[in-house]
Amino acid sequence: MDVKLPDGDGTDLLKQLQSRPVKPLVVIISGFGTVDMAVECMSNGAFTFLTKPFSPEQLAVVLKKAEEHTQLVKVNQFLSHGEDDESRFELLGQSKPVEQLRQLIRKVARTQATVLIQGESGTGKELVARALYRESPRGDAPFIKVNCAAIPENLIESEFFGHEKGAFTGALTKREGRFELAHGGTILLDEISEISPQVQAKLLRVLQERELERVGGNRTIKVDVRVIATTNRQLEESVERKEFRQDLYFRLNVVPVIVPPLRERKEDIPILATQFRERFVRKHGIHVVGMSPACMEELQRHNWPGNVRELQNVIERAVILCNEGGVLEPAHLGLTPNTMEISTPIARPATFSMTTPMGASVTQTAEQSADFQTLSEIEKHHILAALEHCKGNRTHAAKILDISIRTLRNKLNEYGYKNQEANAPTEVGEI
Ligand SMILES: Nc1ncnc2c1ncn2[C@@H]1O[C@H](COP(=O)(O)OP(=O)(O)OP(=O)(O)O)[C@@H](O)[C@H]1O
Ligand SMILES: [Mg+2]
């Protein structure tokens, strides 16, 4: 912008521009440049000052700087927009069990003890793990999450401990494992029940000796890592069935942390529902002013087999379905009895209407159908319906189907289903 404009003064316009909510980046150009004028422009918010005449190269340098500046501001805004991200990690609830959980987290966080967090799917185990990490003396060190259920069985070992070049077909270069990456920090072994006996043995060694070897390597690597593990299965029962090593179970379970299901702490529902409503109102930009008492009663009545995650999903959907400026009503929740039925598949008739995750609508009644459906077709539809119900969250879907996440994954592979988990946050260190 020039200082001398045909119908006014550039410095005045500059001030006006600066009072806008979205300020343009202004480069002042002038043939009558004085130091005073430059200082005045800069203090009124100009990005920089160029004296005429200037070469195209000079202009290019200024534009490049301006571009870099804009980019930095954007990145900074993104990073400091942490308020939203941070609140995602806050453990909400005022019930007695949650208060006790918070106290336990505070105590355990101070130590280096290995922690095993147990609880049904969607109760907030990962949230508890993150709280433990944040409050620990290692809060500034790395936090590496490994989702044991999401990694193919044959790759878990190399994922945990790394591998040397040529250790197996496809190991073209040497690679550090997650334990090495977490050195000095904390590792979260999510869904620990899913690891094979071979990896269990190696993990036991890391926990006991704090040392490991990469796959295909013979050099012993020392690691200093705090281990937090989670499981939504009764690990003790896996031990009884000889699927999980007892010695490893004892090593992991130095401090047991149990996250209670939502149905056992229904007092938390109002605060959770309110916070989630506010969060999704912000996220979707829909103005929802509140929740009707009938709606809250409905939330209290429901049994929440998918726990807090289910509540979160229900509220998000409700906010989306709500009218602008309205309040949430029971109809928006979609909590018909079939939400319960889906967790008891035996009781369901072979009649259902759904949209598969692939987008095709399927309505089937055994009696109506000319070709009787095979059992595996029904199984497929049922599995995809459960996945749809859980918004693509495989852990939750496996839980309500009462099958292991590995079985679910194998079935989905069989169907050629390749969708990502809808709920899984992607982050550094997560697989
Ligand atoms: N007490 C809580 N306050 C706020 N949000 C919560 C709480 N508990 C759970 N959530 C939210 O519910 C969702 C599920 O929580 P989380 O992923 O920690 O469950 P999980 O127990 O690890 O489930 P899974 O066994 O399926 O992995 C997350 O989005 C989480 O932020
Ligand atoms: Mg989890």
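Reader: Between which domains does ligand 1 lie, and why?
Author: The model discussed here is a predicted one. Residues of the shell around ligand 1 come from two domains, so the ligand lies between them. These are domain 2 (95–260) and domain 3 (267–333).

Reader: Which residues come nearest to ligand 1?
Author: The ligand has 19 residues around it.

Reader: How far is a polar backbone atom of L92 from a nitrogen atom of ligand 1?
Author: Backbone atoms of several residues lie close enough to be listed with distances. For oxygen atoms of the ligand, a backbone N or O atom of G122 is at 2.8 Å, and one of L127 is at 3.2 Å. For the nitrogen atom and L92, the distance is 2.8 Å.

Reader: What percentage of the surface of ligand 1 does the protein bury?
Author: The reference is the ligand taken alone, which exposes 620 Å². Of that area, the protein buries 91%.

Reader: Which elements give two or more residues to the shell around ligand 1?
Author: The chain has 19 helices and 17 strands. The elements that contribute two or more residues to the shell are α6 (125–135), α12 (269–284) and α14 (307–321).

Reader: What share of the residues of the chain count as buried?
Author: The accessible surface of the chain is about 23,000 Å², with 53% of it belonging to carbon and sulfur atoms. Counted by residue, out of 431, the buried share is 45%.

Technical notes
Residues numbered from 1 in each chain as written. Chains lettered and ligands numbered in written order. Predicted model: local features only at pLDDT ≥ 70, side-chain atom pairs only at ≥ 80, totals over all residues. Heavy atoms only, no water. Helix = DSSP H or I, 4+ residues; strand = E, 2+ residues; numbered from the N terminus. Buried < 20%, exposed > 50% of the residue type's maximum accessible area, 1.4 Å probe, protein only. Areas by Shrake-Rupley, 256 points an atom, 1.4 Å probe, with all protein chains shown as cover. Near = heavy atom within 4 Å. Polar contact = N/O pair within 3.5 Å; in protein donor to acceptor, adjacent residues only side chain to side chain. Domains from an automatic or database assignment.
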